[in-house]
Amino acid sequence: MLEILSRSEIADIAEKVFAGERLSIEDCVRLYQTRDLLALGYLADYVRRQRHGDKAYYVVNVHLNYSNVCYADCPFCAFGKLPRDPEAFALTVDEYIERLSQLIWDRVTEVHIVGGLHPKLPFDYYVELVRRVKEAFPNLHIKAFTATEIHFFSKISGLSVQEVLERLMEAGLGSLPGGGAEVLTERIHRLLYPRKASPKQWLEVHRVAHKLGLKSNATLLYGHIETPEEKAQHFELLRQLQDETGGFMCFIPLAYHPANTKLGGKPTTGVRDLREIAIARLMLDNFPHIKAYWISLDVKLAQVALSFGADDLDGTVVNEKIFHMAGAESPSMLTEDELRRIIREAGFTPVRRNSVYEPID
Ligand code: V47
């Protein structure tokens, strides 16, 4: 074993990683405690290279939110607004199509559509939204609605989660993004997102989606009040579901941004961000992709994260609101040339992908 690892306080975990053994919850907690960031990064990079060699993926995509109205009022969120808030908005389907038309150009292959839990919009609005986007842009992959929104649609429509997903898939839904998971424990649910889908309900939506053949992602919101043990439990639940269904494509650790939130607190630091990426790669041994979301990490750190276990940078993004409302200082978009340059300068080969990680051109 390399000297950097054999002298490290995580030498025994390194042995497990090299032997291809699954790490335990206790291992995970120790990885959160180790001061040996380079040993941790080396291990994550080792696993990443076994899976993906020197490839680093990106997608040419756009984000467009249909509404920021949300009755959930989560204290960590700066995006959601109560209906009476002067900044609250909800686009009609016509307005949505009009705005989307202004963002789309010939290389865009994906639109990422999410919004708040709107107390008044009927389920038919969401079906119509997907149907009209697909009609207007038949080649676009529609990655839309977190498991939290899907669970909410089931509540407002009286349909089962399966029926909700089937209707959206018929209309043109292509995959589910990974938001709304926050931290999948009862304590964090009670304290930070009590009005939204519980850990069990969030996991169940993904289980049903995977059964229907719909691929999805998963996230973790870190850097607030969560403990290492709670994050270890989060990984364990995701890993178990992935063993069962194989339907997750990608995991995205999301750094909490405190500006303009009720929860407040301090932004995360670079070491913590790199640690989260590396631990995700090591714990989620059955997830193909780990995303360094440059909107959340900022571009320079996302580039370094490619050497700490990440293999995907998301994409051009354009028009991001959730993180920028909460103080993110990253740009609002990157061009494809910029993404490729960042990847090349980090020593990796850029691979443009579609929404299900197939390489294009
Ligand atoms: O679920 C909300 C998070 C998520 C804040 O699937 C915050 O490819 C930080 O899930 N600071 C939505 N984070 C974003 C999301 C996502 C983004 C990019 C790609 C994908 C994907 C998924 O944003 C929410 C919540 O966990 N969030 N407020 C905040 N103040």
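Q: Hi! Which exposed residues sit on the face of α5 turned away from its buried side?
A: Asp94 and Gln102 are the exposed residues carried by that face of α5. Here, exposed means over 50% relative accessible area, buried means under 20%, and partly exposed is in between, with a 1.4 Å probe and protein chains only.

Q: What kind of model is this, and how are residues numbered?
A: This is a predicted model, where local features need pLDDT of at least 70 and side-chain atom pairs count only at pLDDT 80 or more, while totals for chains, interfaces and linings use all residues. Residues are numbered from 1 along each chain as its sequence is written, and side-chain values use heavy atoms, with hydrogens and water left out.

Q: Thanks! Back to α5, then: which of its residues are buried?
A: Val93, Tyr96, Ile97 and Leu100 are buried in helix α5, which covers residues 93–103. Helices (H or I, at least four residues) and strands (E, at least two) are DSSP runs, numbered from the N terminus.

Q: And why do they line one face of the helix?
A: Looking down the axis of α5, the buried residues fall within an arc of 95°, so they line one face. That arc is taken from the directions from the helix axis to the C-beta atoms.

Q: New topic: how many aromatic pairs does the structure hold?
A: There are 16 aromatic pairs. Rings of Phe, Tyr and Trp (its six-membered ring) pair if their centres lie within 6.5 Å; planes under 30 degrees apart count as stacked, over 60 as edge-to-face, and the rest as tilted. One of the pairs is phenylalanine 123 with phenylalanine 153, which is tilted, at 5.9 Å centre to centre and 45° between the planes.

Q: What does that pair tie together?
A: Phenylalanine 123 is in helix α6 (residues 123–136) and phenylalanine 153 in helix α7 (residues 147–157), so the pair ties together parts 30 residues apart in sequence. Both phenylalanine 123 and phenylalanine 153 are buried.

Q: What about tyrosine 293 and phenylalanine 323: how are their planes set?
A: Their planes are at 80° and the ring centres 5.6 Å apart, so that pair is edge-to-face. Tyrosine 293 sits in the loop between β8 (289–290) and α13 (294–297), and phenylalanine 323 in helix α15 (residues 322–325), 30 residues apart.

Q: Are those two buried or exposed?
A: Tyrosine 293 counts as buried at 7% relative accessibility, and phenylalanine 323 counts as buried at 10%.

Q: Which residues do ring pairs link into a cluster?
A: The cluster holds Tyr66, Phe123, Tyr125, Tyr126, Phe145 and Phe153.

Q: On to the ligand: which residues come nearest?
A: Phe76, Lys143, Gly180, Glu182 and Lys291 come nearest, of 24 residues around the ligand. A residue is near a molecule or strand if one of its heavy atoms lies within 4 Å of it.

Q: Last one: where is glycine 309?
A: Glycine 309 is in the loop between α14 (299–305) and β9 (312–315), and counts as buried at 0% relative accessibility.
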